[in-house]
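Here is a short note for a colleague opening this entry for the first time. Please read it with the viewer at hand.

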Amino acid sequence: MGSGGGDLEDDDARLRVGAPASSAAGLPGVGHALAQSWERMGPGRAVRTLRLVNQDHGFDCPGCAWPEHAPGERSVVEFCENGAKAVAEEATRSRVTREFFAAHPVSDLAGRSGHWLGSRGRIVEPMYRAPGADRYVPVGWDEAFGIVAAELAGLDSPDEAAFYTSGRTSNEAAFVWQLFARMFGTNNLPDCSNMCHESSGAALTSTIGVGKGSVTLADLESADLVLVVGQNPGTNHPRMLSSLERVKRAGGSIVAVNPLPEAGLLRFRNPQQVRGIVGRGTALADQFLQIRLNGDMALFQALSRRLLDAEDAAPGTVLDHAFLAEHTSGFTEFATHVRGHLSEADVAAATGLAAAEIDELAGRVLAADRVVVCWAMGLTQHANAVATIQEVVNFLLLRGNIGRPGAGVCPVRGHSNVQGDRTMGIWEKMPDAFLDALGAEFSFAPPRAHGHDVVETIRAMRDGRVRVFLGLGGNFVAAGPDSAVTEAAMRACRLTVQVSTTLNRSHAVTGRAALILPTLGRTEVDVRAGGAQQVSVEDSMGMVHASRGTLPPAGPDLRSEVAIVCGLAEATLARRADDSVDWAGLAGDYRRIRGHIARVVPGFEDFDARLAAPGGFQLPHPPRDSRTFPTPDGRAAFTENVCEVLRVPPGHMLLQTVRSHDQYNTTIYGMDDRYRGVRRGRRVVLVHPDDLAALGLADGVHVDLVGVWTDGERRAENFRAVAYPTARGCAAAYFPETNVLVPLDSTAARSNTPTSKSLLIRLEPARGPVAGAR
Ligand SMILES: Nc1nc2c(c(=O)[nH]1)N[C@H]1C(S)=C(S)[C@@H](COP(=O)(O)OP(=O)(O)OC[C@H]3O[C@@H](n4cnc5c(=O)[nH]c(N)nc54)[C@H](O)[C@@H]3O)O[C@H]1N2
Ligand SMILES: Nc1nc2c(c(=O)[nH]1)N[C@H]1C(S)=C(S)[C@@H](COP(=O)(O)OP(=O)(O)OC[C@H]3O[C@@H](n4cnc5c(=O)[nH]c(N)nc54)[C@H](O)[C@@H]3O)O[C@H]1N2
Ligand SMILES: [Mo]
């Protein structure tokens with residue numbers, strides 16, 4: 001474990017596959033986290049740092065967006081194994097220096113794995129790759145800002161630039177970033193959300209009028225029934241397991257809907273409780289529906305159909321008629337549609353579930369007064385993702401399960417501030433009301449034409465319509481779909497700029513010229529002219545709270561994201577008559593940024609003062625707070641969605657691309673996926689044993705994954721086939737190794753999110769050499 005290099009690369013000879021774990025967390029999890037933190041940070045620093053994670057006086061965990069309990073209810077260690085890994089990555093003692101860049105030309109970096117790049121440590125000074133050069137050399141901050149300003153000034157139109165954001169960025173940095181982009185003149189603000197929960201936002205906005213989840217932590221924990229659909233909390237939101245445990249202890253039940261039997265969903269050992277450490281833990285899921293990939297729309301329609309049938313059998317006892325009449329529209333059409341169109345044969349084909357399993361779940365729903373549905377990437381990254389999530393809403397509306405305590409929709413966000421970034425205006429199509437307020441506050445005319453999202457940005461870069469790319473965090477090259485296309489698109493740019501903490505593939509695959517602008521992380525003290533600064537973030541349930549770094553900065557030359565963005569903006573907009581913004585003043589004291597936010601963003605009135613409250617404050621959510629639905633007719637909308645079965649030709653299967661337990665998106669911490677029994681290797685494809693047998697393949701053989709799409713085939717080579725208890729016909733492999741298989745044009749209707757969870761593939765015996773690959 002830890003910061004080693006080549007010894008940890010994918011090495012097929014070392015790959016080990018064992019039985020999947022039957023429970024998550026517990027002692028091994030805590031031990032794992034501490035071992036990794038100690039190695040990277042040293043024991044004293046590790047303990048001091050980890051004690052401050054998610055505490056009222058500390059910093060927000062950079063891991064995930066799961067909320068914290070109110071200050072009085074928090075435990076001493078309010079973090080998890082994977083949060084500790086995220087902190088260790090940032091608080092590492094390793095440094096990427098100018099000597100490192102002198103020794104490693106860009107062509108060398110481009111041949112390195114993501115794991116190797118990331119584990120080099122923190123970047124400590126601005127670096128510049130001159131046009132056509134193969135090496136980064138040190139550059140001063142002002143010179144770097146000048147290079148960007150000159151390149152932006154040379155564009156034919158502001159729309160030839162794109163301003164990408166990843167979801168770790170604070171509210172304050174996000175706000176000045178979008179202000180900079182819009183004052184420069186473009187709405188090209190693609191963000192990681194375009195690849196993540198965009199489908200949730202689109203589905204929820206069009207049905208309940210607000211694109212965010214409608215439950216608080218207290219709602220979730222007091223539900224009678226929680227459905228966890230298309231989500232692997234044991235790895236990606238470990239603190240959610242404590243909340244699910246509370247549901248169980250309060251007598252509620254939990255149902256997991258997933259093609260994979262994820263360890264954390266089936267049983268959980270709470271490391272923060274003694275009985276969790278010694279006992280077998282809590283059996284979490286009362287029912288596990290092992291659904292086929294993409295079967296969820298059919299499942300939710302089938303559930304709604306059963307509720308309608310139950311109502312027919314005992315009129316007036318099943319549906320919430322008062323709620324339907326007062327607060328919804330389209331119920332009659334929806335009921336007619338589901339009754340008329342849904343065939344049980346289609347449901348069986350789409351879900352792979354027995355009718356009795358769906359009956360059992362319907363029985364649980366009927367017995368439950370308060371139902372919450374939680375979901376993540378298993379629902380959002382499909383062609384029909386928006387319609388599927390609308391179907392979840394239909395299902396909940398029938399029994400009035402939105403806008404009352406203990407019930408509602410719970411999209412579980414990924415990056416720790418991805419929801420807040422959106423609230424701050426990071427979106428290529430912010431509504432006019434926001435643009436009006438922004439323009440009024442800063443006396444300028446924001447551009448109105450919608451900008452490019454991630455997929456459109458890649459197309460525009462490929463076609464020469466976007467020529468300067470700026471990334472505030474993230475790893476656009478590795479996280480994006482269709483790796484070969486995205487890499488070529490990036491290389492076609494005149495200048496690419498990355499504001500980053502650690503190295504990744506987007507520093508190795510760049511435009512003709514490239515800049516790396518190293519930034520402070522969330523764990524670090526941020527002292528500006530106006531004193532030590534705090535920033536703010538919004539969690540998955542709309543709580544806004546402060547975050548203050550406590551560690552000394554990784555290097556004396558680092559600047560905060562806010563300072564970097566303000567520096568870029570000042571240099572770029574310097575000669576513009578309409579730039580009335582005091583960028584240096586904003587960078588010197590973030591309270592001034594919060595003052596602007598308070599006047600522009602609804603719900604942030606008196607922002608700075610309310611941030612001082614312990615635990616922060618809750619943003620308004622009209623459906624949750626008062627059953628007010630800000631849709632055009634003021635009602636929650638039922639929608640009619642045609643349930644199409646994703647039919648797979650013989651000899652093919654569906655592939656989902658997932659996260660292992662040892663990664664944070666494109667940051668690879670280590671080579672193990674402990675809960676799934678895979679160790680020391682990532683180039684594996686998990687396939688049902690009967691599917692392997694039907695293909696004449698044995699467990700352990702090497703295969704190429706061949707993606708089939710309208711424009712031809714894509715190939716990801718040399719994966720070890722692992723017989724695994726996944727749903728029939730549904731394979732799984734890790735992202736980003738498999739992003740080469742995600743066609744750029746294969747996206748969800750209405751959200752344009754790449755379909756990373758339902759790729760049509762076939763397996764072929766590997767034709768290349770069996771070797772460690774990137
Ligand atoms: N440690 C750690 N934490 C993280 C991250 C990380 O990489 N590492 N990433 C963060 C980010 S940005 C995000 S968005 C979240 C991601 O959190 P998740 O969405 O949990 O992440 P994935 O690994 O994509 O897992 C998708 C889950 O959905 C299931 N699934 C796939 N397709 C389907 C389907 O068609 N139907 C159903 N019902 N289930 C399906 C998969 O089997 C898997 O359990 O986690 C966040 N937290
Ligand atoms: N095939 C496939 N592709 C996917 C997905 C999938 O499930 N399957 N998931 C998608 C999802 S849900 C998401 S959210 C995207 C993620 O896309 P991104 O958000 O672009 O990618 P990350 O890997 O999270 O970005 C990691 C990098 O962020 C930088 N970084 C870390 N902390 C900070 C910080 O505090 N400040 C700054 N400025 N930089 C920092 C580091 O340099 C690190 O290398 O990937 C998407 N891509
Ligand atoms: Mo995400």
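This is a predicted model: local features need pLDDT of at least 70, side-chain atom pairs count only at pLDDT 80 or more; totals for chains, interfaces and linings use all residues.

1. The barrel. Six strands form a closed barrel. Their order is S25-S32-S29-S31-S30-S33, and the pairing is mixed. On average, neighbouring strands of this sheet are turned by 45 degrees against each other, with direction ignored.

2. How do S29 and S31 run, parallel or antiparallel? Strand S29 spans residues 684–687 and strand S31 spans residues 712–723; the two run parallel. Four bridges join them. In general, strands of a sheet pair through backbone hydrogen bonds, in either a parallel or an antiparallel way.

3. Ala162. This residue lies in strand S7, residues 161–165. Is Ala162 buried or exposed? Its relative accessible area is 0%. Buried means under 20%, so Ala162 counts as buried. Which residues does Ala162 touch, beyond those up to four places away in sequence? They are Asn188, Pro190, Thr457, Val466, Val468, Phe469 and Leu470. Leu189 is 27 residues from Ala162 along the chain, yet their C-alpha atoms are separated by 6.2 Å.

4. Helix H23, buried side. H23 covers residues 432–442. Its buried residues are Phe434, Leu435, Leu438, Gly439 and Phe442. Seen down the axis, the buried residues of H23 fall within an arc of 130 degrees, so they line one face of the helix. What do these buried residues pack against? The partners are three helices: H8 (171–184), H22 (418–423) and H30 (590–600).

5. Helix H23, other side and end. Ala433 and Ala440 are exposed. Both sit on the face of H23 turned away from its buried side. Ser443 follows the helix, and its phi is positive, near 50 degrees.

6. Ligand 2. How many residues surround ligand 2? There are 30, and the closest are Tyr164, Ser166, Glu561, Thr666 and Asn739.

7. Polar contacts of ligand 2. An N or O atom in the side chain of Arg168 is 3.0 Å from a nitrogen atom of the ligand. For the side chain of Arg659, the corresponding distance to a nitrogen atom of ligand 2 is 3.1 Å. Asn475 takes part through its backbone: one of its polar backbone atoms is 2.9 Å from an oxygen atom of ligand 2.

How values were computed
Residues are numbered from 1 along each chain as its sequence is written. Chains are lettered from A and ligands numbered from 1 in the order in which they are written. Side-chain values use heavy atoms; hydrogens and water are left out. Two strands pair if DSSP finds at least two bridges between them. Axes are lines fitted to C-alpha atoms, for helices over the stretch in contact, and angles run from 0 to 180 degrees between N-to-C directions. Buried means under 20% relative accessible area, exposed over 50%, partly exposed in between (1.4 Å probe, protein chains only). Contact means heavy atoms within 4.5 Å. The arc is that of the directions from the helix axis to the C-beta atoms. A residue is near a molecule or strand if one of its heavy atoms lies within 4 Å of it. A polar contact is a pair of N or O atoms within 3.5 Å; within protein, one must be able to donate a hydrogen and the other to accept it, and residues adjacent in sequence count only if both atoms are side-chain atoms.
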